Amino acid sequence: MFGDYSIGDLGSIFVMQGFAGLILFSVYVLMALGLAIIFGQMGVINMAHGEFMILGAYVTWMTSNVFQAYMPSLFGGYFFLAMILAFVASGALGMLVEWVLIRHLYKRPLDTLLATWGLSLMLQQAYRSVFGAREVGVELPQWMLGSLHVTDSIEVPINGVFVMGLTVLITVSVAYVLYLSRWGRQVRAVVQNRIMAGAVGINTEKVDRYTFGLGCGIAGVAGSAFTMIGSTGPTSGQLYIVDTFLVVVFGGAASLLGTIASAFSISQTQSTLEFFMSGSMAKVLTLLAVVGILMLRPQGLFALKVRK
Amino acid sequence: MSDEANKGLLSPLRRKLLMGMAAVPVVTMLPRASFAQAPATSAVNTTGLAVTDTEVTVGILHSATGTMAISETGSIEAEKLAIEQINAAGGVLGRKIKFIQEDGASDWPTFAEKAKKLLVNDKVAAIMGCWTSASRKAVLPVVEQYNGMLYYPTFYEGLEQSKNVIYTGQEATQQILAGLNWIAKEKGAKTFFFIGSDYIWPRTSNKIARKHVENVLKGKVVGEEYYALGSTQFNSVINKIKLTKPDVIFTDVVGGSNVAFYKQLKAAGIDLAKQPLLTISVTEDEIDGIGGENIAGAYACMKYFQSLDNPNNKAFVPAFKKMWGEKTVIGDVTQAAYLGPWLWKLTVEKAGSFDVDKIAAASPGVEFKGAPEGYVRIHENHHLWSKTRVGRAKLDGQFELIYETADLVEPDPFPKGYQ
């Protein structure tokens with residue numbers, strides 16, 4: 001298939017395809033991080049993850065509207081404030097949901113699946129009632145549009161670079177919080193042995209609530225960032241949920257490194273295959289590979305040894 | 001219980017009295033002809049439909065909840081506007097239209113269930129409804145079994161025809177061929193790259209487009225790609241587009257994927273002012289979500305644009321905005337949905353009856369001169385004769401009309417040589 005193209009063309013396409021893979025990787029990590037914390041650390045199957053993302057997207061949309069109406073001169077920077085607000089809004093909703101719903105279900109993990117699925121339907125309808133059934137268009141500041149012109153044939157999308165940077169930032173922060181901070185040690189202690197953690201004086205309920213809130217907050221930031229590359233509507237969250245679970249389950253629950261490794265392998269496989277065949281065929285083959293590997297290794301790529 | 005029975009016995013008499021009393025001031029003050037001439041219910045309704053001396057009931061069946069609510073909301077709004085306007089103008093055969101709205105909830109079995117409810121329990125005279133082909137396919141056996149009348153608004157893949165359905169949108173050849181001809185001539189396009197969502201409508205449409213490009217235009221399709229519904233990552237296919245450098249990108253990507261596709265196309269540095277792109281799946285409704293700045297310059301092939309400059313449309317757009325808000329936009333399908341109640345009214349008046357069999361038989365040849373798209377006429381195959389138009393997307397989310405066919409294009413749901 002490459003016979004007709006010059007070496008230069010092919011070279012730049014390979015470079016750009018590499019970028020496409022990296023962008024897909026960042027997107028996967030970003031959308032899976034929040035779920036990896038909630039599912040991995042707490043064992044809660046949060047089917048409403050996508051809706052928490054979309055809450056972040058709607059917060060971004062509202063922020064952009066407020067800036068346009070009242071502070072048009074500062075519009076270029078609204079996105080940073082929007083992401084912080086998205087984190088706060090989704091995180092707060094997450095903590096509320098944990099308090100009302102999830103904490104009663106920790107001993108019944110399969111029921112959380114049903115409860116959070118119901119929650120996702122309720123949130124979707126709530127968005128529809130509040131924001132309308134139609135998708136909303138989030139306007140971006142001028143500097144975030146378009147691409148960086150590297151050479152004549154290599155162009156790197158700015159929003160892709162932005163997502164990559166954001167992913168690195170958030171991953172590093174999450175890793176720091178979970179593995180180096182005092183609070184992170186408490187979280188891991190609760191994951192490994194809830195009863196013993198309680199016995200040594202850790203307030204396990206509080207840890208649970210903040211962990212769930214953190215996971216949802218990160219989902220909100222992801223949703224905010226995805227307004228650059230995707231749609232914002234009441235049901236847009238559903239677009240991400242399958243891929244998100246795929247990444248988290250394949251990586252092995254309870255492992256941050258596993259999530260990253262799994263996002264990397266899935267995104268690279270998919271983006272390479274997509275280049276050589278049709279998009280939907282590439283997806284089928286990727287899923288087949290994931291299913292095959294999970295059959296041989298049900299615990300996922302990386303598994304944490306937990307005392308049962 | 002006995003009260004109920006008494007009421008039942010008395011009611012015909014009481015109704016006549018009330019009508020008589022009501023009629024006195026009306027007749028004396030506003031001598032309007034319509035009521036006096038309204039034909040007797042027994043004459044215009046021989047099959048037990050929900051028709052009284054003053055009212056006729058129709059059903060509206062769309063998704064007000066679920067994924068498809070994004071698209072179907074506009075259709076619901078248009079149908080309600082049409083019904084209100086028809087009532088203001090005196091109704092149908094002297095009867096006001098009353099509607100019962102059911103929610104298909106983006107779920108195809110629910111559509112079938114609700115259609116059955118509307119036809120069997122409510123005995124509606126017609127149903128304005130469905131949007132996706134999947135919902136229409138689910139409802140079709142129901143309207144055929146219970147002999148209902150469905151007015152279906154969406155442009156679709158064709159390959160269907162029913163006595164019980166009037167298709168007010170375009171079938172595939174009506175939508176695609178004229179647009180391809182235009183872009184081939186105007187831009188000298190020889191190579192085409194197809195990209196669509198992976199389900200029946202894009203696949204059938206692209207099949208027809210490919211045959212046309214290869215056999216009629218003598219061009220070449222340099223790529224044909226499908227992405228699962230809901231895909232949000234298009235960077236790989238955009239790279240392929242950059243590699244193959246097609247003269248035209250031809251797209252039928254739908255739903256949330258649409259937004260992702262145009263945003264990423266723009267981010268990848270593909271300038272739609274220089275790279276012609278022809279879409280058959282983006283209307284003003286979709287641009288709301290995509291954002292005008294991401295799609296400006298793209299060509300869309302439709303039969304209606306909100307910006308059309310004709311007297312009908314100049315009355316229609318303000319009326320729609322007055323009813324549904326200044327910010328609402330009107331896409332191709334919304335306009336097609338608006339045609340449904342009007343075509344039904346005109347057909348009923350032509351047939352002189354609400355009976356479904358008579359309406360089905362009277363439909364061919366019914367013309368609607370007040371259509372916002374200009375003028376439409378029902379063909380023998382129950383699709384509409386209508387023009388094909390090409391518009392270019394502008395920054396403000398509206399289309400600028402670039403080209404329209406000189407004559408109405410004949411609907412051809414089973415195109416020979418294209419299958």
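Modeller: Start with B:Lys218, which sits in the loop between helix H8 (200–216) and strand E7 (220–227) of chain B. Keep in mind that this is a predicted model. The backbone at B:Lys218 has a phi near 55°, a positive value in a residue that isn't a glycine. Is B:Lys218 buried or exposed? Its C-beta has 9 neighbours inside 10 Å, so B:Lys218 counts as exposed, because the cut-off for that label is 12 or fewer.

Now look at another lysine of chain B, B:Lys123. Its phi is positive too, about 50°, and B:Lys123 is no glycine either. You'll find B:Lys123 in the loop between helix H5 (108–121) and strand E3 (127–129) of chain B. Here 17 other C-beta atoms lie within 10 Å, so B:Lys123 is partly exposed; that label covers counts between the 12 for exposed and the 20 for buried.

H5(B) packs on helix H6 (residues 133–145) of chain B at an angle of about 35°, with the axes 8 Å apart, and the crossing is right-handed. On the H5(B) side the contact uses B:Trp108, B:Pro109, B:Phe111, B:Ala112, B:Ala115, B:Lys116 and B:Leu119. H6(B) answers with B:Ala134, B:Ser135, B:Ala138, B:Val139, B:Val142 and B:Val143. Sort those residues by class and you get 11 nonpolar, one polar and one charged.

Next, cross over to chain A. How many residues of chain A are in contact with chain B? There are 41, and they meet 35 residues of chain B. H1(A) gives the largest share of chain A's side, eight residues. By class, that side has 16 nonpolar, 17 polar and eight charged residues.

One place where the chains meet is the contact of H1(A) with helix H9 (residues 235–244) of chain B: their axes come within 9 Å and cross at roughly 165°. The two helices are therefore roughly antiparallel, as the angle is over 145 degrees. Their crossing is right-handed. From H1(A) come A:Asp9, A:Ile13, A:Met16, A:Gln17, A:Ala20, A:Ile23 and A:Leu24, while H9(B) brings B:Asn235, B:Ser236, B:Asn239, B:Lys242 and B:Leu243. This contact divides into six nonpolar, four polar and two charged residues.

H1(A) turns up again in the largest nonpolar core. That core has 137 residues, and A:Tyr28, A:Leu30, A:Ala32, A:Leu33, A:Met53 and A:Ala222 touch the most other members. H1(A) supplies the largest share of the core, 21 residues. Apart from it lies another core of 68 residues, including B:Phe320 and B:Trp342. As for A:Ala222, leaving aside residues up to four places away in sequence, it touches A:Leu30, A:Met31, A:Gly34, A:Met53 and A:Gly56. In soluble globular proteins, nonpolar side chains tend to be buried together.

Last stop, a pair within chain A: H5(A) and helix H6 (residues 182–192) pack at about 70° with axes 5 Å apart. That makes them roughly perpendicular. A:Val177, A:Leu178 and A:Tyr179 of H5(A) meet A:Trp183, A:Gly184, A:Val187 and A:Arg188 of H6(A). Five of these residues are nonpolar, one is polar and one is charged.

Terms used
Residues numbered from 1 in each chain as written. Chains lettered and ligands numbered in written order. Predicted model: local features only at pLDDT ≥ 70, side-chain atom pairs only at ≥ 80, totals over all residues. Contact = placed C-beta atoms within 7 Å. Helix = DSSP H or I, 4+ residues; strand = E, 2+ residues; numbered from the N terminus. Nonpolar A, V, L, I, M, F, W, Y, C, P; charged D, E, K, R; others polar. Core = buried A, V, L, I, M, F, W, Y, C linked by C-beta atoms within 7 Å. Axes fitted to C-alpha atoms, helices over the stretch in contact; angles between N-to-C directions. Parallel < 35°, antiparallel > 145°, perpendicular 65-115°, else oblique. Left-handed = near helix turned anticlockwise from the far one by under 90°.
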